Amino acid sequence: MTFLRISWKLIVGLKDLLVLMLLLLFFAALFAVLSASPNPAMVREGALWLKFDGVVSEQPAEIDPLTALTSTSVPVGEIRQRDIIRSLKIAETDKRIKAVVLDMDRFLGGGQASLSAIGDSLERVKKAGKPVYAFATAYSDDSYLLAAHATQIWMDPLGGAMLTGPGGTQPYYKGLLDQLGIKANIYRVGTYKSAVEPYMRSDQSPESKVAIKAVYDEIWGQWKTDVAKARPQAQFAGMLADPAGSVENAKGNMSQLAIANKLVDKLGDRVAFGKFIATKVGADDNKSTGGFAATPMDALLASYGPPSAGEAIGVVTIAGTIVDGEAGPGTAAGDTISGLIYDALDNKDLKALVVRVDSPGGSVTASEKIRLAIEAVKAKKIPIIVSMANLAASGGYWVSLPADVIFAEPSTITGSIGIFGVIPSAKAGLAKIGVTADGVKTTALSGEPDVLGGFSSEFDRVAQSAIENGYRDFISRVATARKKTPEQVDAIGQGRVWAGGTARQLGLVDRFGGMDEALAEAAKKAGLETGGWHALYIEPQTSFAGALLGGLMPKRAGVSAPVDIFAHAAWQQHMFLQRVAADLEMLVGVKGVQAHCLECADFAPPRAAKADAGWLASLARLFS
């Protein structure tokens, strides 16, 4: 009895300790949120400091509380593209801002269309008479696309520039599934609908190679054109043609190779760079070593506040995979986004609506739910303009169809007009461990789809026929929206992806341009005068828990981001493993018919908001 009393007291004590720890964590997070909140008082005369710690995204995803608290690593941060562009626009005319500093030491990339738009903004800053300075230990394709716009590029002597171009290998799972005795029952339409190829082949089909190679060539050509225009003195052709020979000729000194080929201007560590910037804009208040007078992006934006003058042009963002149900920022949930649109239609006096799309697609039912909500806005005679970011493929193109005008960038990836369904079955695998199937049916479809006994031919015919009907529906909608015949759409459909330049020639998009051009067109169609309107962003709210964690993460996120070339390579391997996990989740997850461009993962901005799940999160997920 005494032992039981001691045990009970120990349990109660541990419970009280756990409650106390949770309370301390809560108040620590609350303090971090308050401390990290943008402070307009931090704006001072000096440089606009753009610290690219993480990835550039269209809509940063909310941090999952369970994953964050039980993970073995830190989520990598996301920087909203429109915040960067707006801060640069402010810097053009704000007399307190003397220069712009791009700190890309821990930059992990972004979509090419987004980075090109930021590059255009940097050019406008320079035209306003304000220099731009860039610093990084190592430059990749993405970071150099931004750095090329700098007045002066600095690099750490221990670093280098690793320019690789798009492309590479992707995993195929047919051999693994065969060994496990799992069959991926696939129903699809489209010669080029290669999204499901990893489950049905051990290599890439010739049709898919032709289609993807054409897109790679187009966007890589755009990258080289943009860099050459921004920094004509850069000599990168030889390095691209013979990278190994170039490095060997430089005796492995990649920083000197970058200097010799005029990719960078100066070599120096972070302290030397900071001292140089201080000579241009002044030292920081504490006169610290390597410090300089600077204003963070968030503080500058907070000092101006959101635009509110004039009439409202609504902006709804469809970012990430399109899924059924509800979700927070960074995921395009059908119920959430359609609900936001209907609510804005009922309660906001919108003069026009701009739909910003950065999505590889996903659920057909969710895509249609969003499209119907946009159609409801159109039915009220409100102009609809679509602005495509990095990706607007499959379901991302589906939701764009109600637009009066579609804008895209030359490096936007779009099209992929096709649908598919995939359901796994494990008859052979179960037989290996002695599990067989038998039973009685009342109809040909009883018990179908039969995971144990394998799918019947009748179910296969029903499923394939339904997919074919869905494809006909897709191309019919495109034909109506784009004023083409179904035959014309089918010829450029079949699941094939296109880059923005070709997509414009094919009539899938109307004009080149980004958000500025889309908003201007929306204002024009609504009959609004210049300066007589503002953008009203209609977005899901971040949960309280997500806001608390967001306050804690920024200071920790930079620790996990790679700095040098080898660390970047390791991070790419980590992203590859995450992609494999996502591919397998796609196979076994509960999903309906998909208008999803899986091959678009090569063109999408990195989605690095999730941390690795620790053992507790994995266990919780297993039992859920």
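Which residue's charged end sits over the ring of Tyr537?

1. Charges over rings. The charged end of Arg82 sits over the Tyr537 ring, 3.6 Å from its centre. Such a placement requires NZ of Lys or CZ of Arg within 6 Å of the ring centre and within 35 degrees of the ring normal. Arg504 also lies over a ring face, that of Phe512, at 4.7 Å from the ring centre.

2. Basis of the values. This is a predicted model, in which local features need pLDDT of at least 70 and side-chain atom pairs count only at pLDDT 80 or more, while totals for chains, interfaces and linings use all residues. Residues are numbered from 1 along each chain as its sequence is written, and side-chain values use heavy atoms, with hydrogens and water left out.

3. Overall content. The protein has 24 helices and 23 strands; these are DSSP runs numbered from the N terminus, with H or I over at least four residues for helices and E over at least two for strands. Of its 624 residues, 50% count as buried, where buried means under 20% relative accessible area, exposed over 50%, and partly exposed in between, with a 1.4 Å probe and protein chains only.

4. Contacts along the sequence. Among contacts between residues at least 6 apart in sequence, 78% join residues at least 24 apart. A contact means heavy atoms within 4.5 Å.

5. Pairing of S2. Strands pair if DSSP finds at least two bridges between them. Strand S2 (residues 54-57) runs parallel to strand S5 (residues 107-109), joined by two bridges, and Val55 stands opposite Gly109 in S5. S2 also pairs in the parallel sense with strand S3 (residues 78-80), over three bridges; there the bridge partner of Val56 is Ile79.

6. The six-stranded sheet. An open sheet of six strands has the order S9-S7-S6-S4-S1-S10, with parallel pairing. Its edges are strand S9 (266-267) and strand S10 (294-296), each pairing on one side only. Within the sheet, four bridges join strand S4 (residues 97-103) to strand S6 (residues 132-139), and Asp103 stands opposite Phe135 in S6.

7. Helices on the sheet. Helix H3 (residues 81-93) packs on this sheet, touching strand S1 (46-51) and S4, and its direction makes about 170° with that of S1. Helix H12 (residues 270-281) lies across S1, S4, S6 and strand S7 (152-161), at about 175° to S6. Axes are lines fitted to C-alpha atoms, for helices over the stretch in contact, and angles run from 0 to 180 degrees between N-to-C directions.

8. Aromatic pairs. The structure holds 13 aromatic pairs. Rings of Phe, Tyr and Trp (its six-membered ring) pair if their centres lie within 6.5 Å; planes under 30 degrees apart count as stacked, over 60 as edge-to-face and the rest as tilted. Tyr133 and Phe276 form an edge-to-face pair, 5.4 Å centre to centre with 85° between the planes. Tyr133 lies in strand S6 and Phe276 in helix H12, so this pair ties together parts 143 residues apart in sequence. Both Tyr133 and Phe276 are buried.

9. Trp220 and Trp223 have ring centres 4.6 Å apart and planes at 20°, so the pair is stacked. Both lie in helix H8 (residues 206-230), three residues apart, about one turn of the helix. Trp220 and Trp223 are both buried.
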